[in-house]
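Please look over the structure below.

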Amino acid sequence: MKTDYSNYIYFYKQFSTSSGYYEACDYLSFQDDRWQGIEKYIDLIGCAISDTKKRLSKTKILMADMGCGAYGWLQRYFSESANKIICIDSNKDALNQIGSLKNPLAETIQDNAFSLGKIFSLGHKFDFVYCGFNVYEGFVDNFLKLTAPDGCIFLMKPKIGDDLILRSLVRNYDILPRYKEIAKITAALEKDAEIKYREEIFSWKFENESTDKLLAAMSVVCLGEQILMNREQYEIAVDFVKLRTSNDTVLMSQTFALWQAVKKDN
Ligand SMILES: C[S@@+](CC[C@H](N)C(=O)[O-])C[C@H]1O[C@@H](n2cnc3c(N)ncnc32)[C@H](O)[C@@H]1O
């Protein structure tokens, strides 16, 4: 496993731009079929959508993808179940990338999920609200207000995993507030929804990849904010990756907290 701090800096500079951030997300999560079991995750969302269509007796439903990023899960995999998908993100680059796919069912709106002023002004009640990889307790009340009775809110938040362990090692990240936030998300949803909560472990395989590129992508996406690690942090991170490496393959895993919340019909 060849590593070189200046090589790490070279990759970091590429990933630490606004659009480079999404290249880093793509590199870490989706490229080269590295996500082991992605089909299961797609299936979990798909089942929640099917259940929602059945409950509402509709074949096509109105969906919102909150913090859609450049990947846009709903428009990518579930357009056939939608009459419209509103893709919401605070980052214009992400929305431009979604827009360039020219999916006629996908509409992009730049908004902040903590306030969602533009979305509220549309006056919609969504049948299905999705938010993955980046959900906070402060989003939940708005999601509940924007969901139709018997509609579904599907949320995913990584609970623990190698990325968060790396964050703890190089930034003294404290995992306990994250666990507490997960409990608070459940409590906030319970106020106005029936919840099915579950946890699932997934892993990502990096075969014959550059450790410097992997660490640069993680520095941009996984450390809480974009941080160019200093040499000391970098050495700790390299040692951490070594522990996850066998036969030139790095295996990283994450446990997802998953909520399928059906809005009460008050
Ligand atoms: C880690 S990415 C996940 C993207 C996508 N959901 C996925 O699973 O690939 C997080 C996304 O949330 C967006 N985001 C972060 N805070 C936000 C906020 N307050 N309001 C709206 N979008 C936000 C970021 O711009 C980014 O595109």
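## Basis

This is a predicted model: local features need pLDDT of at least 70, side-chain atom pairs count only at pLDDT 80 or more, and totals for chains, interfaces and linings use all residues. Residues are numbered from 1 along each chain as its sequence is written, and side-chain values use heavy atoms, with hydrogens and water left out.

## Nonpolar cores

The largest nonpolar core holds 58 residues. A nonpolar core is a set of buried Ala, Val, Leu, Ile, Met, Phe, Trp, Tyr and Cys residues joined through side-chain atoms within 4.5 Å. Buried means under 20% relative accessible area, exposed over 50%, and partly exposed in between (1.4 Å probe, protein chains only). Tyr41, Ile45, Trp73 and Phe128 have the most contacts inside this core. Helix H3 (residues 38-56) gives the most to it, with seven residues. Helices (H or I, at least four residues) and strands (E, at least two) are DSSP runs, numbered from the N terminus.

A second, separate core has 28 residues, including Ile88, Ile109, Ile119 and Leu144. Contact means heavy atoms within 4.5 Å.

## Ligand site

A side-chain N or O atom of Trp73 is 2.9 Å from a ligand oxygen. A backbone N or O atom of Ala113 lies 2.8 Å from a ligand nitrogen. A polar backbone atom of Gly132 is 3.1 Å from a ligand nitrogen. On its own the ligand has 600 Å² of accessible area, and the protein covers 85% of that. Areas come from the Shrake-Rupley method with a 1.4 Å probe; for residues, only the protein chains shown count as cover.

## Helix H10

Why is helix H10 (residues 211-221) described as largely enclosed by the rest of the structure? Because nine of its 11 residues are buried. Among them are Leu214, Leu215, Met218 and Val220. The buried residues of H10 pack against helices H1 (5-15), H2 (18-29), H8 (162-171) and H11 (231-243), and against strands E7 (193-207) and E9 (249-263). At the start of H10, a side-chain oxygen of Ser210 comes within 3.2 Å of the backbone nitrogen of Asp212.

## Single residues

Leu95 lies in helix H5 (residues 92-99). Leu95 is buried, at 2% relative accessible area. Beyond four places in sequence, Leu95 touches Cys68, Cys87, Ile88, Asp89, Thr108, Ile109 and Gln110. The C-alpha atoms of Leu95 and Thr108 are 5.9 Å apart, with the two residues 13 apart along the chain.

Most residues other than glycine have a negative phi. Lys102 has a positive phi, near 50°. Lys102 sits in the loop between H5 and strand E4 (106-110) and is exposed, at 69%. Asn172 has a positive phi too, near 55°. Asn172 lies in the loop between H8 and helix H9 (176-190) and is exposed, with a relative accessible area of 71%.

Note on methods. Polar contact = N/O pair within 3.5 Å; in protein donor to acceptor, adjacent residues only side chain to side chain.
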